[in-house]
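Here is a short briefing on one protein model. Keep the structure open as you read.

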Amino acid sequence: MGSYNGNAVASVLEGLDWTLSNAFLAAYKNKNESVWKELVEFTSTELLLAFTSKSIPLARHLALLPARFLYGCLEQEYGAESVIRSFGNTFEFSQSFFSGNVESEQDEKAVMNKLLYDSIAQFFFQALRLNNDENLFLSFKSYNKLRERGYDFGSEFKIAKYQGASDEKLAILRRKSELEGFRPLLHRRLSLSLHSWVIFLLSIDKIEGSRAAKVLSGIHLRYDSTPQILNDAIYIRKFSYNGYLGVQWWDYMARPSGESYTPPSAYEWITLGATYHLLNSPLLDVDLSDIPESNDYIFLLETVKRNLASFEKDWNKWSSVFNVGPTITNDETKERSLENFKSQSRVLLSILARLKNRQQSAEDKAVAEEKLSNEKITDFKNAAFAEWKRNNRILNFFDHFGNVQKNKQIEKLPAIGTSLYLQGFKVMFLNENFKEIYGSAQIGGEVARSVDGRFIREIMMGSNIDDTRHETLNEGLKLSIKSLVDEGYSPNLIIVPPEFIYRTDLYALEGFTRSEGNENDLADFGSYEGIPITTFYTPLLNEEVFVLDFRSSVKLEIYEDNERINNRLLMEVREMTSEEMETKFEQEAAAMRSGEEGSELTDGEIKLKIASSLYLDIWINAKFSVVEQKAIKRFTINNLGAI
């Protein structure tokens with residue numbers, strides 16, 4: 001087609017990529033060699049012209065054709081060498097027409113390099129499926145020719161670091177190095193992806209260890225340092241979901257058309273391959289300052305732990321590929337290689353634990369420095385109060401029966417609730433560094449139940465402590481009610497343990513009426529002889545049953561103020577004072593010192609964890625009193641199941 005305007009040709013070729021692909025498959029299947037070879041040559045030429053003329057639309061349009069052509073050869077593989085040579089040459093020649101260094105990841109050169117390596121990635125992913133060793137090794141040779149030699153990643157960075165450059169300066173130089181080596185990085189990261197895919201296939205028994213070893217040795221991949229492996233793995237994991245090198249679509253089988261499925265997770269199998277390379281790297285001289293911060297290190301440690309456990313569990317299989325690495329020689333026994341593996345594993349996990357600690361500390365620092373969001377605090381208070389209101393029951397009874405005394409002297413009323421130290425909870429109340437901690441609002445419900453528990457404790461201490469036992473629940477209720485009436489009281493509430501709903505025949509009692517479930521109904525379960533039966537969810541209420549004249553027997557004194565929630569509940573989210581942080585450090589430093597995998601947190605890291613925490617004050621100021629002991633009857637029963 002000669003020279004052309006890229007955009008115009010892209011418009012003309014709309015849909016032609018599938019036409020060419022289908023034509024190739026038809027010719028190849030029918031063994032019409034002259035036709036399919038001409039199609040390979042035509043496509044190679046057009047793809048090369050697209051790259052040399054920097055036609056982004058056309059390059060994007062044709063980029064997947066080499067992979068489709070090679071995929072069509074997999075079943076028979078005759079002539080596959082022609083496809084490999086032709087497109088291998090196209091890829092190699094294309095690299096020579098535009099630079100591998102870029103100004104930014106969005107400029108024209110960067111886009112062209114990404115398109116080129118998208119095409120290369122899918123082509124050599126298909127090449128891994130070749131059965132014929134000669135074709136497989138030919139594909140390795142073509143791929144390895146694409147590696148640009150002589151590029152020194154980060155030499156300027158290393159010099160600046162040696163000279164004591166600031167962290168900001170080093171970050172700029174690291175970024176500069178990545179842009180100057182943009183295409184070599186693409187190649188290295190694709191090599192890691194191809195290696196990782198083969199390791200993944202071995203892990204699910206889709207290939208033999210001997211074939212995996214061929215690929216790992218055939219596709220050249222050289223790392224100068226452990227940080228380079230980590231940086232590549234983190235980068236691919238981070239951007240795999242955005243289409244980086246197309247790895248998110250790699251699969252080991254053809255899926256049925258029209259059915260939904262999830263391909264293997266690149267996020268996971270890239271880590272598997274990285275784990276293999278990390279174990280085969282010199283781990284003893286790792287400088288963490290060479291590794292940029294990434295929140296992925298918070299999660300990487302656990303994934304690598306699982307990978308290492310998988311390797312060790314089936315060492316007979318994995319020893320065949322670990323013998324490829326530089327740390328284990330071929331003449332070592334499997335037992336010796338396993339010991340080397342375990343030793344390297346311990347060092348690797350220690351490094352990853354330190355990276356996790358460092359990343360967590362950086363996040364803690366950002367959290368500690370950010371101001372609390374009033375909006376987030378209000379949202380939490382509303383949710384926690386909803387839980388409080390749903391779970392607090394006793395105050396409703398006092399309001400219903402009217403035996404409430406409001407007291408303006410707060411100092412005379414104890415606080416019923418808690419002041420909670422919530423480690424790491426500050427993230428919930430921020431805008432920029434916000435993280436949801438699910439279930440946190442249930443604190444309101446827990447405190448509400450503790451208020452109910454305080455009431456139960458009071459009536460247990462203030463009621464008749466005689467060991468009154470009855471044979472059945474029915475007997476106990478009848479006698480208790482009769483006793484109260486005989487003494488001039490009006491029994492209006494029965495309290496039973498929550499387990500009585502299934503431990504007794506409560507519903508079968510004569511005189512029992514089930515509750516209709518109305519929101520304002522005092523009865524949880526129903527009523528007995530017209531008296532509401534309720535319960536409180538506290539461990540104090542275990543076996544005892546209470547029948548009482550609630551209005552006459554108990555009293556509530558409570559502090560109310562219009563600045564409190566519902567005039568009664570104090571709920572404050574507050575940052576720690578410097579004095580509180582120092583006290584907490586003295587109390588908790590020893591317990592917080594130990595990190596994962598034998599690592600230790602520094603004083604600074606511990607203090608940042610404390611600074612990313614806060615206090616939640618949540619209570620009412622109130623006092624429950626038994627004012628008429630005789631108006632409460634308390635008993636237990638011998639036979640829970642009897643009526």
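Predicted model: local features only at pLDDT ≥ 70, side-chain atom pairs only at ≥ 80, totals over all residues.

Glutamate 580 counts as partly exposed because its relative accessibility is 22%. Residues are numbered from 1 along each chain as its sequence is written, and side-chain values use heavy atoms, with hydrogens and water left out.

**Glutamate 580 and its place**

- Glutamate 580 sits in helix 24 (residues 578-592).
- Helices (H or I, at least four residues) and strands (E, at least two) are DSSP runs, numbered from the N terminus.
- In sequence, glutamate 580 and alanine 611 are 31 residues apart. In space, their C-alpha atoms are 9.9 Å apart.

**Salt bridges**

- Side chains of opposite charge can pair when their charged atoms come close.
- A salt bridge here is a side-chain nitrogen of Lys or Arg within 4 Å of a carboxyl oxygen of Asp or Glu. By this rule there are 34 salt bridges.
- Lysine 365 forms a salt bridge with glutamate 369, and the closest N and O atoms are 2.7 Å apart. Both residues lie in helix 17 (residues 334-369), 4 residues apart, or about one turn of the helix.
- Lysine 365 is partly exposed because its relative accessibility is 42%. Glutamate 369 reaches 53%, so it counts as exposed.
- Aspartate 486 and lysine 482 also meet in a salt bridge, at 2.9 Å from N to O. They are 4 residues apart in helix 21 (residues 473-486), so about one helical turn separates them. Aspartate 486 is exposed, at 54% relative accessibility.
- Glutamate 544 and arginine 634 form a salt bridge of 3.7 Å, N to O. This pair links distant parts of the chain, 90 residues apart. Glutamate 544 is in the loop between strand 7 (531-534) and strand 8 (545-548), while arginine 634 is in strand 12 (residues 632-637).
- Are glutamate 544 and arginine 634 buried or exposed? Both are buried.
- A network of salt bridges links Glu302, Lys305, Lys356, Glu596 and Glu597.

**The loop between strands 7 and 8**

- Leucine 541 lies in the loop between strand 7 and strand 8. Its relative accessibility is 3%, so leucine 541 is buried.
- Leucine 541 and arginine 457 are 84 residues apart along the chain. Their C-alpha atoms are separated by 8.7 Å.

**Cavities**

- Rolling a probe the size of a water molecule over the atoms shows where empty space is left.
- A cavity is a set of points, on a 1 Å grid over the protein atoms alone, where a 1.4 Å probe fits but cannot get out. Lining residues have an atom within 4 Å of a point. Grid points are joined across faces, edges and corners, and a volume is the space filled by probe spheres set on the points.
- How many cavities of 30 Å³ or more does the structure hold? It holds 2.
- The second largest cavity has about 30 Å³ of space. Its lining is made by Phe124, Ala127, Leu128, Ser139, Phe140, Tyr143, Leu194 and Ile219.
- Helix 7 (108-127) and helix 8 (133-144) are the elements that give two or more residues to this lining. Helix 8 supplies the largest share, 3 residues.
- The lining of the second largest cavity has 7 nonpolar residues, 1 polar and no charged. Here Ala, Val, Leu, Ile, Met, Phe, Trp, Tyr, Cys and Pro count as nonpolar, Asp, Glu, Lys and Arg as charged, and the others, Gly among them, as polar.

**Positive phi**

- Most residues other than glycine have a negative phi, and most peptide bonds are trans.
- Lysine 54 has a positive phi near 55°. Lysine 54 is in the loop between helix 3 (33-52) and helix 4 (56-62). Lysine 54 is partly exposed, with a relative accessible area of 30%.
- Asparagine 566 is not a glycine either, yet its phi is positive, about 55°. The loop between strand 9 (554-558) and strand 10 (570-575) holds asparagine 566. With a relative accessible area of 58%, asparagine 566 is exposed.

Key:
1 Å grid on protein atoms, 1.4 Å probe; cavity = no way out; pocket = protein on both sides within 12 Å on 5 of 7 lines; lining within 4 Å. Buried < 20%, exposed > 50% of the residue type's maximum accessible area, 1.4 Å probe, protein only.
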